[in-house]
Amino acid sequence: MNIGITLVIQGLAFFAVAWLVMTFGWPNIMSAIEERQKKIADGLAAADRGQKDLDDAKAQAAEIVKEARVKAAQVIDQANRRSNALVDEAKGTASAEADRVVAAARDTIAIDSARARGELRTEVAALAVQGASQLLGREVNAAAHADLLERLAAQIEQGAVAK
Amino acid sequence: MATEETGGGMTGYIKHHLHHMEVNGLHVDSIAVKVALALFFVVLFLRVARRATAGVPGKLQCFIEMLVEFVDQMVKETFHGRGRLVAPLALTIFCLVFMMNFMDMLPVDLLPGAYQALSAHPHEAYLRVVPTADLNTTLGMAFTVFLLIQYYGIKHKGLATFFGEFLTAPFHAEGVVGKIACAVPNLLLRLIEEAVRPVSLSLRLFGNMYGGELIFILIACMTLGASLSSGLTYVMMPVQFVADFIWTAFHVLVITLQAFIFMMLTIVYLSMAAEHH
């Protein structure tokens with residue numbers, strides 16, 4: 001029985017077809033599989049990258065917000081200081097102004113009181129002369145007794161001041 | 001072997017090849033090969049499924065994913081009813097039928113010859129390795145699909161509509177008389193339609209695989225009983241090689257196509273069963 005030859009040739013034909021498939025069919029399947037693998041890998045990598053980018057962006061945003069907060073705090077601080085300075089300055093100006101006004105008023109008062117005193121003294125002298133002339137029944141020469149009158153006026157003035 | 005006894009050799013050889021290994025009428029060879037292939041399929045897919053990664057898949061996982069996606073795509077395009085069974089069923093049918101058909105690719109004398117060589121009684125050592133070239137296998141699968149078609153029909157339409165359609169489709173009529181007149185042809189058509197499906201489904205696959213196997217056997221007959229001392233043998237050897245090569249290469253397409261057709265028709269039938277007329 002010679003099934004041997006038949007079987008050998010069948011085997012050869014089988015391997016020939018297997019070779020055919022390996023040469024022309026297999027690479028197509030493999031390339032499709034590899035392409036798919038690559039696509040999946042790329043997709044996953046892209047997703048990772050996207051996640052990383054997102055994280056980076058979030059971190060960056062947080063950083064920016066933090067910076068802005070610091071800056072805002074600085075600005076507020078500066079503004080506070082500036083306003084305090086302004087208030088102080090205004091206070092200084094105002095008190096100086098007040099001092100000036102008070103001083104001016106004092107000067108005015110001093111001048112006025114000096115003038116009033118002068119007038120008063122003259123009037124007191126006149127009154128004293130008038131009173132004396134009435135007491136004496138005759139004219140008193142103011143010029144002759146100017147020295148006396150002057151002393152009297154000074155005494156009145158001192159009394160007024162003491163009072 | 002059988003060749004010497006039956007005279008002419010060829011007839012005995014062919015008869016021997018077409019004889020099933022039988023135990024009490026059961027075609028043990030078909031069953032064994034089918035079970036072995038099914039086990040291989042299940043183990044392979046389960047392993048890959050268990051090791052499946054959401055990351056970059058390996059080449060085998062990639063291949064199986066592509067297969068699953070291909071079948072799933074087919075089912076999505078064709079089947080619009082409810083039923084989670086359809087896609088896995090289609091995948092199983094495709095893979096299993098393909099693998100069973102693929103047994104036809106192996107040299108036609110390889111496994112039977114090996115079995116004969118190992119057997120104590122080579123003359124009674126029958127073995128057919130292509131389960132789909134056995135009508136029992138294809139009819140069994142087609143009948144399973146037939147039962148599923150009925151199940152899907154009832155599940156989607158309800159008993160009343162399902163059996164009502166036996167009498168009211170495909171011919172519609174107005175009025176009681178018309179409806180009664182249409183009932184008989186409708187019923188006849190429906191019964192024929194239902195009966196034809198499993199028959200055509202199984203016979204198509206069986207015919208293709210049986211014919212393919214037979215041609216392999218006939219090609220093998222070219223150098224059957226040849227002796228290396230004969231000059232004719234050296235002429236027939238390349239002829240057999242070329243014929244075998246061409247037929248095997250062509251058969252690669254046939255087995256794939258037949259597996260695809262079986263799967264596709266199953267999906268289509270189930271889809272039709274799920275649709276209202």
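Visitor: Which span should the 17 residues of α5(B) have at 1.5 Å a residue, and what is the distance between its end C-alpha atoms?
Guide: Happy to start there, with the reminder that this is a predicted model. At 1.5 Å a residue, the 17 residues of α5(B) should span 24 Å. The end C-alpha atoms of α5(B) agree with that, since they are 24 Å apart.

Visitor: Is α5(B) largely enclosed or largely open, and how many of its residues are buried?
Guide: A residue counts as buried if 20 or more other C-beta atoms lie within 10 Å of its own. Helix α5(B) is largely enclosed by the rest of the structure, because the buried residues among its 17 number 13.

Visitor: Which element gives the largest share of the largest nonpolar core?
Guide: That core has 38 residues, and B:Ala90, B:Ile93, B:Phe94, B:Val97, B:Ile267 and B:Leu270 touch the most other members. Two or more residues come from each of α4 (59–78), α5 (86–102), α7 (135–168), α8 and α9 of chain B. The largest share, 12 residues, is that of α5(B).

Visitor: Which residues does B:Phe94 touch, not counting those up to four places away in sequence?
Guide: B:Phe94 is one of the core residues that touch the most other members. Leaving aside residues up to four places away in sequence, its contacts are B:Val71, B:Ala259, B:Phe260 and B:Met263.

Visitor: How many residues are in the second, separate core?
Guide: Its members include B:Phe216, B:Ile219, B:Leu224 and B:Ala226. B:Phe216 and B:Ile219 also belong to the α8(B) side of the contact with α9(B). The residue count of this second core is nine.

Visitor: Are α8(B) and α9(B) roughly parallel or roughly antiparallel?
Guide: Helix α8 (residues 175–220) and helix α9 (residues 231–274) of chain B pack with their axes 10 Å apart, at an angle of about 170 degrees. Angles over 145 degrees count as roughly antiparallel. That makes the arrangement of α8(B) and α9(B) roughly antiparallel.

Visitor: How do the residues of the contact of α8(B) with α9(B) divide by class?
Guide: Helix α8(B) contributes residues including B:Arg197, B:Leu201 and B:Phe216, while those from α9(B) include B:Asp244, B:Trp247 and B:Phe262. By class, the residues of this contact are 12 nonpolar, five polar and three charged.

Visitor: Is B:Gly211 buried or exposed?
Guide: B:Gly211 sits in helix α8 of chain B. B:Gly211 has 12, so the class is exposed.

Visitor: Which residues of α3(B) are buried?
Guide: Helix α3 (residues 28–50) of chain B has 23 residues and reaches 32 Å from its first C-alpha to its last, close to the expected 33 Å. What covers its buried residues includes β2 (26–27), α5 and α7 of chain B. The buried residues themselves are B:Asp29, B:Ser30, B:Val33 and B:Lys34.

Visitor: How far apart in space are B:Phe40 and B:Met99, C-alpha to C-alpha?
Guide: B:Phe40 lies in helix α3 of chain B. B:Phe40 is partly exposed, with 13 other C-beta atoms within 10 Å. Although B:Phe40 and B:Met99 are 59 residues apart in sequence, their C-alpha distance is 9.8 Å.

Visitor: What is the phi of B:Asn24?
Guide: B:Asn24 lies in the loop between β1 (22–23) and β2 of chain B. B:Asn24 counts as exposed, with 5 C-beta neighbours inside 10 Å. Most residues other than glycine have a negative phi. B:Asn24 is not a glycine, yet its phi is positive, at about 55 degrees.

Visitor: In chain A, what distance separates the C-alpha atoms of A:Ala85 and A:Ala62?
Guide: A:Ala85 is found in helix α1 of chain A, and it counts as exposed, with 10 C-beta neighbours inside 10 Å. A:Ala85 and A:Ala62 are 23 residues apart along the chain, and their C-alpha atoms are separated by 34 Å.

Visitor: By class, which residues make up the side of chain A that touches chain B?
Guide: The contact takes 23 residues from chain A and 32 residues from chain B. The chain A side consists of 17 nonpolar, five polar and one charged residues.

Technical notes:
Residues numbered from 1 in each chain as written. Chains lettered and ligands numbered in written order. Predicted model: local features only at pLDDT ≥ 70, side-chain atom pairs only at ≥ 80, totals over all residues. Contact = placed C-beta atoms within 7 Å. Nonpolar A, V, L, I, M, F, W, Y, C, P; charged D, E, K, R; others polar. Axes fitted to C-alpha atoms, helices over the stretch in contact; angles between N-to-C directions. Helix = DSSP H or I, 4+ residues; strand = E, 2+ residues; numbered from the N terminus. Parallel < 35°, antiparallel > 145°, perpendicular 65-115°, else oblique. Core = buried A, V, L, I, M, F, W, Y, C linked by C-beta atoms within 7 Å. Expected span 1.5 Å × (residues − 1).
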